[in-house]
Every structure is written in C-alpha cells, then in structure tokens.
Amino acid sequence: MIPVIAVTAGLTLLWRRARRRERLVMSTYGWQVWPVRTQDVRIVAADGERSQGRRWGTGKQVVLLQPDGQSHCSFPIPADGWDGPLPQGPRPADRVWFAGDTRFGGMVAEPGGLPFRYVVRSTPGKRPGTGPEDELARRVGLMPGNRRR
C-alpha cells in the first residue's frame, strides 16, 4: 500500500511541476479571441531542406491575424499532440483563444478552452512592450530575464 501511495504522490508532484507554466499564464492573462487562418508555415525541422545554416520544413500552424488581416504571429495547432478528451459539436475554424503575450508565447486553445497547449515563439516578436507588459511577461516566465526594453 505504501509504495502505491508514494508512486501516486510522486507522479502528482511531477505533473504539477510540468503544468506550472500553464497555471501561471492562465492565472495572469485572460483569454482573448483571435481571428486565425490555418496554413503551412516555414519552420525549423530536423528532416527539412538545408538553407541559411538551418534545416527548414513546413508545418501546419494557426496564424493569428491583425485587424487588417495581416499575419501577427503563428503557433502550433492546439489539437496537435493533445491527448485529452476532445469537445463535441462543431468548432469554429476561423478563431482561437489565446492567453499570454504574443511577443513570446502563452496558451492557445480552440474556442471553449479544449484542446489547449502551451506555446512559445522561437524568436521573440520585435514589437517593444511597455514596462508593465515586460514585467508581467518576465514574472510569468514568458520573457527572458535579460531582455532589454
């Protein structure tokens, strides 16, 4: 009985530690609804074609759109790699929920909140943030601590 309790407690602690980032983002940022389109985006891939010192491939991503329809940033599709229960019923394909700072990353989900995933940008966005935005992103762990405003 004691080994079962010890294993269960250990797995629970590991799970909580792995989900710490998600909990921090969700307790700090609220969901925002973003218009999106799904498209193939050029990404760094181990089995891709070599160019400019890297191997590049393409992968399906959701592209967050600015009000004028231009691309703002892209993230992996929320359902890719999701192993939880999928929602029932029709889902809008032109919107996602996002919580976080689009310069660095956060949580992206289908409308309704499931499936969701923690995402980060490989290269931070170029838009400068305000002091409070930078401090919030740093406190949650989205922004590297050494980045200058």
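Helix α3 spans residues 131-140 and contains both E135 and R138, which sit three residues apart, about one turn of the helix, where a helix is a DSSP run of H or I of at least four residues, numbered from the N terminus. The side chains of E135 and R138 meet in a salt bridge at 3.5 Å, N to O, the term standing for a side-chain nitrogen of Lys or Arg within 4 Å of a carboxyl oxygen of Asp or Glu. E135 is partly exposed, at 41% relative accessibility, and R138 is partly exposed too, at 24%; partly exposed lies between buried, under 20% relative accessible area, and exposed, over 50%, with a 1.4 Å probe and protein chains only.

This is a predicted model, in which local features need pLDDT of at least 70 and side-chain atom pairs count only at pLDDT 80 or more, while totals for chains, interfaces and linings use all residues. Residues are numbered from 1 along each chain as its sequence is written, and side-chain values use heavy atoms, with hydrogens and water left out.

A salt bridge also joins the side chains of R127 and E133, at 3.5 Å from N to O. R127 has a relative accessible area of 39% and is partly exposed, and E133, at 31%, counts as partly exposed as well.

Turning to D101 and R103, their side chains form a salt bridge of 2.7 Å, N to O, and both of these residues are buried. D101 and R103 are, together with D134, linked in a network of salt bridges. The structure holds five salt bridges, among them the pair E135 and R138 and the pair D101 and R103.

Definitions and conventions. Helices (H or I, at least four residues) and strands (E, at least two) are DSSP runs, numbered from the N terminus.
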